[in-house]
Amino acid sequence: QRLTAARPAVLCSGCAMGRRGQQRGSGEEARRGTAPVSQLEDLMRRRGVDAAWDALEDMMRSGLPSDRFTVSRMLMRTLADGRRTWDLVKINRSIALVEQFVQQQPVEADEVLFNAMLDTHSRTKDISRLESTYQRMKDLGVEASHVTLGILVKAYGQVCDIKKVLQLWDDMKEQREQANAVTYGCMINACVKCSQTEKALQIFRDMQKRHKQCNTILYTTLIKGYGNEKDLSTAIMLFREMRNEGVPYNTIAYNSIIDVCIKCGDVGKAEDFFQEMMSDHSPVQPDLITYSTLLKGYCQVGDLDKALHVAATIKACGMQCDELVYNTLMDGCVKANDLSAGVGLFAEMANAGMKPSSITHSIFLRLYQRNGYKGRVNRRSLGLRLPGNALDAVAQLYQHHGLEKPSGTVEKASRAAARRENRAKGGAKPRSTGRARGNAKSPPTPQPQPQGPQGP
């Protein structure tokens, strides 16, 4: 095979590194970070991981060895780069090359390399390849660690396979005994994702009995789980337990408990926690998520004035309202049946340079429908021309602000969302009449609805 001029040195280094890897045996030097850097890894640092994969491919094609430490780091680097720009083609190519490496040099395959492969499959949610990789790991006699256990339960938790999660936790007893806070966190999070919050709490209590470190992340995971279960009292109990156990509060912890209060419909309790955050002795300060969560609660109960006041506070604090905030506010306008406020917020959103999403379109379709825009009407709203129906009204609103008219796909999805909302609230379909509805009276203002926004 013909190689580029830059690669012979890399290949020679690969041979040397392969021999050194076999001589090291356990590889403890590399684990401690004291082993010399291979030229393949040096190439990765200088020219990027893609160049390193190209070089590894050439080496394997020529039958030249490499070392597991460099290959593991290359795979981890590829995953790290994927957090910024997820490229499944690159990731699959990397995995294929690692699998080829294991096939050619099975003695080089260790637990660290297999964990990197398993973690990659976990992130891509490729359970089939994860299982085949784990089986290959066992076939080669590579012993799994507590890190392996954490990766596996996390992977099955992501696809909500609670049976497999619990089976692994029970079967891998030795690894469970070695588990640290990260491994326990993977297991607790998997149980919460699978709606097994009681099991998650049971594992957490077992962790406490073993005097394992219980950190803020574990507590907030459980608090969110009980929020999903609408169990506010247990969530508050866990939040207060943090202080008693000396676990520090942070903004995420407060945001989690405030969100649980909103989910459970207790806006007053959410306000209490918010005031606690704002107190002089509090070490944490609210962020955009804190304000937007509280704003969502006000919109849910139809208190549009308080929601708008929170939005004004966000701006006064130097933060920028994002699309979620605007969509939540405009959904609150739907519940309050306030078309004028909704259109004003839309204008503010457009002036801020934000492009409305399909969720925004769905919200405005419902807002116009609640204001009688179902058939033909005779009203002129905020300088807009006579709309034929809600879809025409929304399209003209977009045009008024120089925005592209929503596509047919978006309009179809918005109509479906509006129908679902009407069915959920027991609303009947509007009766079709043979006459124009230009002189029809506007429907009465509906009472605020207790359920959350349909869009955000």
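Author: A salt bridge here is a side-chain nitrogen of Lys or Arg within 4 Å of a carboxyl oxygen of Asp or Glu. This is a predicted model, in which local features need pLDDT of at least 70 and side-chain atom pairs count only at pLDDT 80 or more, while totals for chains, interfaces and linings use all residues. Residues are numbered from 1 along each chain as its sequence is written, and side-chain values use heavy atoms, with hydrogens and water left out.

Reader: What makes arginine 129 and glutamate 99 a salt bridge?

Author: The closest N and O atoms of arginine 129 and glutamate 99 are 3.3 Å apart, and because the limit is 4 Å, the pair qualifies. Arginine 129 belongs to helix α8 (residues 127-139) and glutamate 99 to helix α6 (residues 88-104), so the bridge ties together parts 30 residues apart in sequence. Helices are DSSP runs of H or I with at least four residues, numbered from the N terminus.

Reader: Why is arginine 129 called partly exposed, and how is glutamate 99 classed?

Author: Buried means under 20% relative accessible area and exposed over 50%, with partly exposed in between (1.4 Å probe, protein chains only). Arginine 129 has 23% relative accessibility and therefore counts as partly exposed; glutamate 99, with a relative accessible area of 30%, is partly exposed as well.

Reader: What makes glutamate 57 and arginine 61 a salt bridge, and where do the two residues lie?

Author: The N to O distance between the side chains of glutamate 57 and arginine 61 is 3.5 Å, so the pair falls within 4 Å. Both residues lie in helix α4 (residues 49-61), four residues apart, which is about one turn of the helix. Glutamate 57 is partly exposed at 26% and arginine 61 is partly exposed at 42%. Salt bridges with shared partners join Asp54, Glu57, Asp58, Arg61 and Arg93 into one network.

Reader: How many salt bridges does a search of the whole structure find, and how many helices and strands does the protein have?

Author: The search finds 23 salt bridges, and the secondary structure comes to 24 helices and zero strands. Of the 456 residues, 48% are buried.
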